[in-house]
Amino acid sequence: MAGLKIGINRKNIFRKLGIFLMILGPGIITGSVDNDAGGITTYSVAGALYGYGLIWTLIPSFIVLLVIQEMNARMGIVTGKGLADLIRENAGIKITFLIFLGLLFSGIGNTTTEFAGVAGSMEVLGVSKYISVPIVAILVWILVVKGTYKIAERIFLIFSMSLLTYIVSAIMAKPDWGSIGMAIVRPRMQVNTQSMTMIIALVGTTIAPWMQFYMQSTVIEKGLKMKNYKYTLADIVVGCIITVVVAFFIMVACASTLHPNGIVINEAKDAALALKPLAGNIASQVFAFGLFIASIFSATILPLATAFFICEAFGFEAGLDKKWDEAGEFYILYTGILVISAIIILLPHAPLIQISIWSQVINGILLPVVLISMMLLINNKKIMGSYVNGRTTNIIGWSAVIILVGLSAALLILPLISLNNS
Amino acid sequence: MTSLTTFYLSGIIGKEAFDSDGVAIGKIKDLLVSAVPSGQYDPGQQIITGVNLKIGRETNFYSFSPFRVSKAREMINVTCTGLIELSSEEVENGLLLDENILDKQIVDLNGRKLVRVNDVRLATLPAGTFAVAVDVGIEGLLRRIGIATPIKRILSLFKINIPARFILWDDVQAIDFSNLNIKLSKSYAKLHTLHPSDLADILEDLGKKSSTSVFSALDEEKAADVLEELETDAQVHIVESLPVGKVADVLEKMPADEVADILDELEDDKAELLLKEMEAESSQEVRELLEYDDDLVGSIMTTDYLSFSGTKTVEEVLHELRIRKPEPSELYNMFVTEKDEKLAGTFNLRDLVVAEPDKKISAIMKSEPVSLYDDQKTTAIAELVSKYNLLAVPVIDRNEQLQGMVVVDDVVEDLISERRTRKRK
């Protein structure tokens, strides 16, 4: 029985590896969900419209995203409570109600955008949206409710690696690396309504409010601990890098093919179609496939997460391990969001552009409210003990809040002006 | 004026209190209710004892007994005949309704789960003002947001009622005492009525701070039962956040195989520290079990079993059982061993009860019993248990010496969790 004696030591090596694999998760998952249909659309449109001109926005977005996700992770680890719980318990019911009303509407709006991504990408591959959207909606619903959600998450995570094929798309488009470098180092931009709206949309799609809730609950679900914090931090950094790198290459691909030819696009689908004559059939289909996967991934997680956080805040039972009669509100919300979003897409002449603008407007108003709540919570010694923010994090955090409030105020006002003008 | 006035906490917080001449005294910030339940049914434990009043710029606690709450045309009036300041001790023995209850999670003792409080219903009787129930329904939520009346009016057109959900004050247990200095074990007393596995579920849903404070308020026996039922993550959190001495005391009350499972999840230093703190006898058993790999029978067997010499009589064994008062699972299967601890046979409680008292155990035992080796894979257990319908299987080493037994309870957990992980992950 010599083998038994070394049991403890051998287990330790596996355990260390296990901890590493287990913790590498929340940040990467959140980072991947971040590049959803809305994100891909925004990056494509920005690249086609402004060339390399707006690539620099990814740098401040990266820093803010990093700081925010780090705070979410820290709050989750220290308190073991979801962001919705913490806001309800500390911010009062009226603010909670407003936040979650906004979250519900933006959830429906964003899910609609995901279905638009499904419809668009399948149309590129030659499938009608009246077939693809209902099938995907039903599949997603069954996948989640029948309890295979965890498997689905893993599969999507692997599939979302296909987003990295955007790198291939971008390189096949033979970008001018020199000009890209110059555009990042010395950003030049015209200040007008249109470019400001684009910048706001870029930041808004990279740092969506619902992701903060999602990040924190994923951290809790994994049961992470403060003593393994460096792994968690590594995971967040990797996740943020994935988000920004994919965004970068989508912008580069569209900037180096569509922009010089003056092709204007409105949807991510247009980008896929427009890539065909310029970068070849494969690049176009790779783009469409990436969009399809990203859309389904987010269409799975978004309605589920939104329903979950609303229930958490208002004390309804929630969770896929509960039965229908135990957690009625949860299932009604989840199914409702999914069904309403799918129906909107299938309506003939649905105002998709407006829906996408308005869900970003709601995101824009919501983001600073959620961020201010977060900053107040994380600096509360009663809640965080010795893990309150340090000075650097506070400076970055509050500056981000101020800039975002400014941007959101602009986002709120600018589309109204531009809509009136057009 | 009626002698009974009912009102909601949300309706009184922020109200001005007036003296008998109708002059405003101050604004009501919070109400204090006695937090320490004194007995089974005692109205005294839900009486409002104090009020946090903001007078000018200062807030202070005053006795609530000179205060009266009345309702006229749906408006709440608070009158006060005198201000008596409360001592800090009186304040510390209380629970603040707004600070500790409203919007917080509390335990619904009947539903055995956590609920979130949307409002608190109170009643003023001639004897005083009492907390009657907590409102956890949608109606309370809408009332707090201030849109209950219009929404109700609209829904009544469609003949839809918003269901109100109340839980009686007697049936709830507050969790969040974070800002108060009161004796926790007393204030969590109501939780002792819950089954350990229900308590474990509740602890898992609580935040880290609350779960630690609720757990440390349990007595050692209950704490051991609850710890056993917790998921691994929660076990590790509890064990790491409590003082080593306290954890060691709880671990001693647990079966050695469960302790080994928990220690396996901890860092070696911490595990060693706990083992040293535990009594030598308990820690020795745990150390032996820790030697086994996770997938071997030895890792899930318990060393709490009963074995007797075959020469004893039925009478003697029964007598011994009465003295030792073993755990129910130890009686699933009892063993007969020879001099060198070699397993000779098994018998169960039924065999004992139906046999004549003067019969020898060796005469009633089943010889050549079904058994497992300690270094066999755990996958072998399920087959054996279902094939022979056994509640407990003896475990022997390769020298045929009895080492412990595998109890069906532990196997069931493993089988279900194996299926669940396969399904979910």
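This is a predicted model: local features need pLDDT of at least 70, side-chain atom pairs count only at pLDDT 80 or more; totals for chains, interfaces and linings use all residues.
Let me start with burial: a residue is buried if 20 or more other C-beta atoms lie within 10 Å of its own, exposed if 12 or fewer, and partly exposed in between, with the C-beta atoms placed from the backbone. By that cut-off, 35% of the 425 residues of chain B are buried.

Residues are numbered from 1 along each chain as its sequence is written, and chains are lettered from A and ligands numbered from 1 in the order in which they are written.

Okay, chain B overall. We have 20 helices and 21 strands there; these are DSSP runs, H or I of at least four residues for helices and E of at least two for strands, numbered from the N terminus. Is chain B compact or spread out? Its radius of gyration is 29 Å, well over the 22 Å that the globule rule gives for 425 residues, so chain B is more spread out than a compact globule. That radius is taken over C-alpha atoms, and the rule is 2.2 Å times the number of residues to the power 0.38.

On to a sheet in chain B. Four strands make an open, antiparallel sheet in the order β1-β11-β12-β13, where strands pair if DSSP finds at least two bridges between them. β1 (5-8) and β13 (166-168) of chain B are at the edges with a single partner strand each, so one side of each has no neighbour in the sheet. Inside the sheet, 7 bridges join β11 (residues 119-125) to β12 (residues 128-135) of chain B, and T124(B) has T129(B) as its bridge partner in β12(B).

Also in chain B, there's a hairpin: β9(B) and β10(B), with 4 residues between them, and R112(B) in the turn has a positive phi of about 55°. The two strands are antiparallel and joined by 4 bridges; Q105(B) is partnered with R116(B) in β10(B).

Last stop, two helices in chain A. α18 (residues 352-378) reaches 37 Å from first C-alpha to last, close to the 39 Å expected, that is, 1.5 Å times one less than its number of residues. α18(A) also bends by about 25° at L366(A), with P368(A) following within four residues; the bend is the angle between axes fitted to the seven residues ending there and the seven starting there.

Then α15(A): its buried residues include A268(A), K269(A) and L275(A). Just after α15(A), G280(A) takes a positive phi of about 100°.
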